[in-house]
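Colleague: I am new to this one, so please show it to me and walk me through a few spots.

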Amino acid sequence: MPLFKHPISRFHRRSAKHFPELSSLDVAKPMSDELDKLVNTVRDSFPRKLFLEEMQSFLSLYKRYMSELAGGPVLDWRKVRALEGDQIIPYDHLLQKAENVTPSLLDKLAVLKVNGGLGTSMGMNGAKSALEVQNKLTFLDLVVQQIEHLNATHHTEVPLILMTSFNTEEDTLRIVKKYANRQIKITTFNQSRYPRILRESLLSFAKSVQEGKAAWYPPGHGDLYNSLYRSGVLDNLLSQGKEYLFVSNSDNLGAVVDPRILQHMIDTNSEFIMEVTNKTKVDIKGGTLINYDGSVRLLETTQIPEEYAEEFNQSRSIRMFNTNNLWISLKALKRLLQAGDMTLDIICNSKTLEDGRSVLQLETAAGSAIRHFQNAHGIQVPRTRFLPVKDCSDLLLVQSDVFTLDHGRLVMNENRMFETPPVIKLGGHFRKIQQFQKRFKQIPHIVELDHLTVAGDVHFGRDVTLRGTVIVVANEGQRIDVPDGCVLENR
C-alpha cells in the first residue's frame, strides 16, 4: 500500500501543515522514550553495546518513516523513465566476452546468502533454508555444494557468509556444523533485531529485551549492510583481500557465482550491479530498475502512485524485476557506511499476530542502495538465475523431476521439451507446508507438464504422472484421491 494511503497519513500531514515547527524529531519522541526504557532493561549477559546500536538504527528508520507520513520526500513520477544505454546490459554481451575471464579474480570474491527468512507464509516456524529440496539435501546443503564446486573448479577459496536472524540462527548452525572439517570456510553473523510497532499507537510492542520473539522482527535484506559492518565481518573480509561480494537469497538456487559478471564489474569499474530478469504472467511483486532523473534507481511497486499503476504494469519498456542477486564493491560499501550516505527505501509491512494485534514492521530494500554507488547498473540475466521458493507451489517445482542436481545447482531436465518450467498453482489446501506434505505421498512426475492448477481437498498417490495442462478441482466437502500410478494428460 502506498505511504500516502496509510490510514494515519492524513493526521500527520495536517499536523505538519498547522504546526510548521513540528518535525520528525517531535513525532518520534514517544518512540525515543520507549527505546530508552528498552535499553535500560538490558542485563549484563546481553550485549548492551550492540543492542544500543541496533535501537539507534531503528529510531533513525522510524524518524524517516514518520517524516514521510508527514508529507516528506516522495517520488516525482515525471522523472521516471525506462533504462537506456549502459544502465542495463544484456547477459548475452557477457557471453561474447567469456574468453576474457580471469580465474584469479575469484580470489577477491566472497558470497553472502541472506538467510534470515522463516517461511511464515508456508506455515513454517524454522528457517526456510532448512527445508529439504532433493535427495534429502536442504537449501543450505546445496549452497555449500555450489561453493565447494566453484572453489574446486577454479582452484580458489571463495568463503561463504550466512546472514541469519534470531529466528534462523539455531537451524543454520545445526546444518553447517557438519561442514566444520571441510575445506569450505563458512562464517555466520546475525542481522539486527528491531521491535515491532503497534499499529494503533505507533509505539514499540516490546517492553523489555527479554520479551518473546513475537515482539521482534529481523528488518529485511536491506539490513545486511549495517549488520555486515557492525558485526566486523566487512572489515574481516577486506583484511583477507576480498574486494567484491555476491549477495543473493538462500532460497534462490539459481543464484550461483558467474565469473563473467564479476569480470564485467571490474572491467566497467562498477561498484554495484543488480541482476534483473524478465517478468512472466505469474510475477506480480518485485521492484524494477528505472532511469530516475538520469540515474539508475530501484522502484518498488509500493512507490507507484495509484493513478499510474495500470500504465506502469502495461509498459513494455519496463518488463523486468529485481532478482535480489547483487554484486557489491566492499571498499565502496565501507566508504559509504562510514560517511553515513546509505539511505535506503523503506518498506512498511503490516502483520496480524496470533492474538489479533496489528503490528507494523519497518524494513529496507537492499537493492535501493544502487543509487549511492558509482557506475552502478543492471544486467538482464536469464530466468535460470532466478529460482526462488516463496510458497508451496514453488516447492513442488524444485522438488520435482523438472530439475536435476548439478553440484548443488538445479538445472533443467534434458528430457523437458520446454525451455521454461511449468506454471503451478496450488490452492489454499496446500498453503502450509504440513498440508502440502500430507497431500503428496510422492512428488508427481511433471517433466512433461505445462500447467497445473489444484484446488480443494486433493491427495496425490505415488508414481503419479502429469502431462500437458492438468486441472484438479474438488468441490467443498468433496475429497479427490489421485491413485498410485495414475497418468493425467490434458485433463
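Colleague: Let's start with a single side chain. Which residue's side chain is joined to that of Asn291 by a polar contact of 3.4 Å?

Modeller: By a polar contact I mean a pair of N or O atoms within 3.5 Å; within protein, one must be able to donate a hydrogen and the other to accept it, and residues adjacent in sequence count only if both atoms are side-chain atoms. At 3.4 Å, the side chain of Asn291 has such a contact with that of Gln87.

Colleague: What pLDDT do side-chain atom pairs need before they count?

Modeller: Residues are numbered from 1 along each chain as its sequence is written, and side-chain values use heavy atoms, with hydrogens and water left out. This is a predicted model, so totals for chains, interfaces and linings use all residues, local features need pLDDT of at least 70, and side-chain atom pairs count only at pLDDT 80 or more.

Colleague: Back to Asn291, then. Is Asn291 buried or exposed?

Modeller: Buried is under 20% relative accessible area, exposed is over 50%, and partly exposed is in between, using a 1.4 Å probe and protein chains only. Asn291 has a relative accessible area of 5%, so it is buried.

Colleague: Which strand holds Asn291?

Modeller: Helices (H or I, at least four residues) and strands (E, at least two) are DSSP runs, numbered from the N terminus. The one with residues 288–292 is mostly covered, with five of its five residues buried. Asn291 is found in this strand, β13.

Colleague: Which residues of β13 point the other way from Thr288, Ile290 and Tyr292?

Modeller: In a regular strand the side chains alternate between the two faces of the sheet. In β13, Thr288, Ile290 and Tyr292 point one way and all the residues on both sides are buried; pointing the other way are Leu289 and Asn291.

Colleague: What phi does Asp293 take in the hairpin of β13 and β14?

Modeller: Most residues other than glycine have a negative phi, and most peptide bonds are trans. The hairpin of β13 and β14 has two residues between the strands, and there Asp293 takes a positive phi near 55°.

Colleague: What is the phi of His155?

Modeller: His155 lies in the loop between α6 (139–154) and β6 (160–164). At 72% relative accessibility, it counts as exposed. Although His155 is not a glycine, its phi is positive, at about 50°.

Colleague: Over which residue's ring does the charged end of Arg297 sit?

Modeller: A charge sits over a ring if NZ of Lys or CZ of Arg is within 6 Å of the ring centre and within 35 degrees of the ring normal. The charged end of Arg297 is 4.7 Å from the centre of the ring of Tyr292.

Colleague: Where does Gln191 sit, and is it buried or exposed?

Modeller: The unreviewed UniProt entry lists Gln191 among its "binding site" positions, including also Lys128 and Lys390; such positions are given in the numbering used here, feature names are shortened, and annotations may be inferred rather than shown by experiment. Gln191 is found in the loop between β7 (186–190) and β8 (194–195). At 6% relative accessibility, Gln191 counts as buried.

Methods:
Pairing = 2+ DSSP bridges.
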